[in-house]
Amino acid sequence: MKNWKKNSWRKYPVKHIPEYPNKKELDTVLDKLGTFPPLVFAGETRHLKSQLADVVDGNAFLLQGGDCAESFAEFNPDNIRDTFKVILQMSLVLTYSASLPVIKLGRIAGQFAKPRSAPTEKKGDIELPSYLGDNVNGIDFNEKARKHDPKRLFRAYSQSASTLNLLRAFSHGGFADLKKVHLWNLGYIKKSPQAKKFSELEDKIADALSFMDACGINSEFNRRLKTVNFWTSHEALHLPFEESMTRVDSTTGENHATSAHFVWIGDRTRQLEGGHVEYCRGIENPIGIKCGPTSKPEEIVKICNLINPKNEKGKITLISRFGHDSVGKFLPKLIRGIKKEGVNVIWSCDPMHGNTIQSTTGYKTRRFNSVLKEVKDVFAVHQSEGTYAGGLHIEMTGQNVTECTGGAKNIQDQDLSSRYHTHCDPRLNADQALELAFLISDEIKKNSSYSKNADRAAS
Ligand code: PEP
Ligand code: CO
């Protein structure tokens, strides 16, 4: 890798990196973090990348989901378990409809730092630094909380480590056993239409499992029926932190971000000549690139070539997030630009970030129907361009929150205040996330690029 070092991003212009009042203290924290154990291992990251290569070829689907911003306040085992459950449920629905393996990638165990639209926030006469995520400052609107404190990075590291530990236990300790799908249901969605559909799916799976059992294939002998691979991801925004977590893999001599298996570059920091792209070009991890309305196809091609000069499959995921009424305006051009240059990418759809609005009651929200429309439009565009809609990227939680409106329970603007807990953007609750998975599975059944998998699965 030419002229790349884990700190070479420092020579480039960077946006959205917090300034710290005490640089010496920041350096002490970063030096210490540099001696801490990696959160993930290079071999795992390579494994994920090889699975993602299957998505490029249309042989798997990528489901990426979790919090917009993890917080210290919401850190508890039940929240981790419930988010994990919903992702398992969604992936089961998608696996069943597409006859494809679903790669499960959490926005979890490190998704703290946030880019904000303004550096300061004003309430009345008081103006304070904006909240930049719990690893930087606190959400409360007072001077003390909003001070950038490098020691918060230690707490974020430790929360990520324990979150990951629990996720690994859930994935491999029996909880993900297909025989236990009924345990993945969350109490509060039991009465919803999704719960009924999911229970029908459970019955079909139980039938299939007993048939396989009769043929001698069961989870006692086949590990894949009782474990899952669950991967972690976050936005590689806080580059000083990412630099301290970058390690050389002793088996290959390659550099890896060890803060997560997959990292992405946000829509606001994907400048070709910027520090975030510079950092990401040197690490071996799979990389996501968010593409919003300001992205230019030629520039995205250049970024892909810089980050992935060997055009390796599975290395780059383009995450489109244009907004429900703009997909037709931007996505076809982007697809054509990428196709023309023969760049290998996974096409994932983030139907959340282009659809954030202010509710009539003052809350930041998203309409479920806008989210769904963006997904449908994205599927339709890929269908007509002959590309494969291979992924979904969503902000969701297993908690029974009221942050996005609509869905089967038809949450209204007036309901938002009841359980609005997010530290940043509004998330789909479990009900809405599962409903989205069922609706997407209907799209998948209509889409010709998936029917080839169903044919193959049937043959
Ligand atoms: C995010 O994914 O939380 C985010 C900030 O997205 P984007 O960069 O697409 O705005
Ligand atoms: Co967000």
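L88 touches K104, A176, W184 and V228, leaving aside residues up to four places away in sequence; contact here means heavy atoms within 4.5 Å. This is a predicted model, in which local features need pLDDT of at least 70 and side-chain atom pairs count only at pLDDT 80 or more, while totals for chains, interfaces and linings use all residues. Residues are numbered from 1 along each chain as its sequence is written, chains are lettered from A and ligands numbered from 1 in the order in which they are written, and side-chain values use heavy atoms, with hydrogens and water left out.

L88 sits in helix α3, where helices (H or I, at least four residues) and strands (E, at least two) are DSSP runs numbered from the N terminus. With 2% relative accessibility, L88 counts as buried; buried means under 20% relative accessible area, exposed over 50%, and partly exposed in between (1.4 Å probe, protein chains only). From L88 to M212 the separation is 124 residues in sequence and 21 Å in space, C-alpha to C-alpha.

Helix α3 also packs against another helix. The axes of α3 and α6 (residues 193–214) come within 11 Å and cross at roughly 65 degrees; axes are lines fitted to C-alpha atoms, for helices over the stretch in contact, with angles running from 0 to 180 degrees between N-to-C directions. The crossing of α3 past α6 is left-handed, that is, the near helix is turned anticlockwise from the far one by less than a right angle (right-handed if clockwise). On the α3 side, Q89, L92, V93 and Y96 meet F198, L201, K204 and I205 of α6. Sorted by type, the residues of this contact give 6 nonpolar, 1 polar and 1 charged; Ala, Val, Leu, Ile, Met, Phe, Trp, Tyr, Cys and Pro count as nonpolar, Asp, Glu, Lys and Arg as charged, and the others, Gly among them, as polar.

Then there is the metal. The cobalt ion (ligand 2) is held by C68 (SG), H353 (NE2), E395 (OE) and D425 (OD), at 2.1 to 2.5 Å. Donors are N, O and S atoms within 2.8 Å of the metal (3.2 Å for Na, K and Ca), and since water is not among the atoms, sites may look incomplete. Along the sequence, the donor residues follow the spacing C-x284-H-x41-E-x29-D. C68, in the loop between β1 (61–66) and α3 (77–98), and D425, in the loop between β14 (389–395) and α12 (430–446), link distant parts of the chain, 357 residues apart. C68 counts as buried because its relative accessibility is 0%, and D425 is buried too, at 9%.

Helix α9 (residues 297–307) has P297, I300, V301, I303, C304 and I307 as its buried residues. These lie on the same side of α9 because they cover an arc of only 160 degrees around the axis, the arc being that of the directions from the helix axis to the C-beta atoms. Their cover includes β8 (262–265), α8 (275–281), β9 (287–291), β10 (316–320) and α10 (327–340).

Most residues other than glycine have a negative phi. N311 is partly exposed, with a relative accessible area of 27%. N3 likewise has a positive phi, near 50 degrees; N3 lies in the segment before α1 (23–33) and counts as exposed at 68% relative accessibility.
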